[in-house]
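Hello,

Here is the structure I promised to pass on to you. Please open it alongside this email, and my notes follow below.

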Amino acid sequence: MAFSSFSETTKADLAQVIGERPCCLLSELAGFARVASRLVKEPGGKLGLEIRTENAAVARKAFRLVRAVFSGTVGVSTRQQRRFRRRKLFLIRVPGELNKVTAKLGLSNRFGHSLLGIRRVFLRRECCRRSYLRGLFLGGGWVSNTGEGYHLELLSPSAVLAQDIVVLLQRFGLKARYIERKNGFVVYLKESAAISDSLKLMGATGAILSLENARIFREVKNRINRLVNCETANLTRTVEASLRRKNEINLIISQIGLESLPLELRELARLRLVHPEATLKELGQLLSPPVSKSCVNHRLRSLAAVAGRLRRSAGGGPREGS
Ligand SMILES: [Zn+2]
């Protein structure tokens, strides 16, 4: 997955947001651990839970959350990753007996059987739903504002969790989908408005502002580009078409002469040569009596057909280029 600075900035921004109630602190840590924790063997051989992140601000946040939710010493270490451009990985060890830790975080039931989805206790209150979502994003989220439009993704190790995340987003009125990737599942939002809404829900203010600004800027830029491109394209098309018509008319003149054409075609051919840059509409107005643009177009096609016949009867010589 590509690293985007916008994503890192958004995460750093969200790392500053901390829920006020204990229920929210637990929910956020649960969301975080759901996607960013793994079991590790402790020096004594016992298994423990470790939370991992590459973002320093997010690591500090995880540390704060773990300390707020669990008692005991929170172990923190770093590791240089060999893959992924040698990025530093922060490891936060959750203190306590594994079964109790995983049960509290909703990773297992109280008998130690692992659970895949989101436990309902974290979704009961709106404050907790937002916190859980923020945890999911900090632990396995990614947002980009480059290329064509915006993209927000939430990693999910299982289809069950992916479905639960889609439902969670639905409860906020956000339409999300999920797909399977090589290393798991990905829940995604595509519409810029939904993305900025979801960031707002999680509490990111700075990111929202830059997202909205960038979106407005992009929209204005696109609109201007479209206008410019359209006009350039139209102009090019007009000039090219006009050149083609001129070649056709000259061919008619040299082969059979304009006099052999019906009157309305003859008049139009003459005007086309005299006013090469005039639009079809303008040519129509120059004719007497004036005719519509589509009528001019129709007559020009008749002229092209005459030229085509002449070209073919001339022995299939090289086609006149445009
Ligand atoms: Zn809460």
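What percentage of the 322 residues in the protein do buried residues make up? The answer is 30%. Please keep in mind that this is a predicted model. The protein contains 11 helices along with eight strands. Of the contacts with a separation of 6 or more, 61% are between residues 24 or more positions apart.

Helix 1 with helix 3

Helix 1 packs against helix 3 (residues 56-69) at about 25°, and their axes are 8 Å apart. The two helices are therefore roughly parallel to each other, an angle under 35 degrees being what counts as such. The crossing of helix 1 past helix 3 is left-handed. On the helix 1 side the contact is made by Lys 11, Ala 12 and Ala 15, and on the helix 3 side by Ala 57, Val 58, Arg 60 and Lys 61. Sorted by class, this contact holds four nonpolar residues, no polar ones and three charged ones.

Helix 1 with helix 5

The axes of helix 1 (residues 5-15) and helix 5 (residues 126-140) come within 10 Å, crossing at roughly 140°. That makes helix 1 oblique to helix 5. Here, too, the crossing is left-handed. Lys 11, Leu 14 and Ala 15 in helix 1 meet Arg 134, Phe 137 and Leu 138 in helix 5. Four residues of this contact are nonpolar, none are polar and two are charged.

A closer look at helix 5

Helix 5 has 15 residues and spans 21 Å from its first C-alpha to its last, close to the 21 Å expected at 1.5 Å a residue. Is helix 5 largely enclosed by the rest of the structure or largely exposed? It is largely enclosed, because 13 of its 15 residues are buried.

Ser 131 is found in this helix. Ser 131 has 29 other C-beta atoms within 10 Å, so it is buried, the threshold being 20 or more. Which residues does Ser 131 contact, leaving aside its neighbours within four places in sequence? They are Gly 19, Cys 24, Ser 27 and Glu 28. Ala 30 is 101 residues away from Ser 131 in sequence, yet their C-alpha atoms are 9.2 Å apart in space.

Helices 9 and 11

Glu 264, Leu 265, Leu 268 and Ala 269 of helix 9 meet Val 296, Arg 299, Leu 300, Ser 302 and Leu 303 of helix 11. The classes in this contact are six nonpolar, one polar and two charged.

One backbone detail

Most peptide bonds are trans. The peptide bond from Ser 288 to Pro 289, however, is cis, with omega near 0°. Pro 289 lies in the loop between helix 10 (280-286) and helix 11.

Methods:
Residues are numbered from 1 along each chain as its sequence is written. This is a predicted model: local features need pLDDT of at least 70, side-chain atom pairs count only at pLDDT 80 or more; totals for chains, interfaces and linings use all residues. Axes are lines fitted to C-alpha atoms, for helices over the stretch in contact, and angles run from 0 to 180 degrees between N-to-C directions. Helices (H or I, at least four residues) and strands (E, at least two) are DSSP runs, numbered from the N terminus. Angles under 35 degrees count as roughly parallel, over 145 as roughly antiparallel, 65 to 115 as roughly perpendicular and the rest as oblique. A crossing is left-handed if the near helix is turned anticlockwise from the far one by less than a right angle, and right-handed if clockwise. Two residues are in contact if their C-beta atoms, placed from the backbone, lie within 7 Å. Ala, Val, Leu, Ile, Met, Phe, Trp, Tyr, Cys and Pro count as nonpolar, Asp, Glu, Lys and Arg as charged, and the others, Gly among them, as polar. A residue is buried if 20 or more other C-beta atoms lie within 10 Å of its own, exposed if 12 or fewer, and partly exposed in between; C-beta atoms are placed from the backbone. The expected span of a helix is 1.5 Å times one less than its number of residues.
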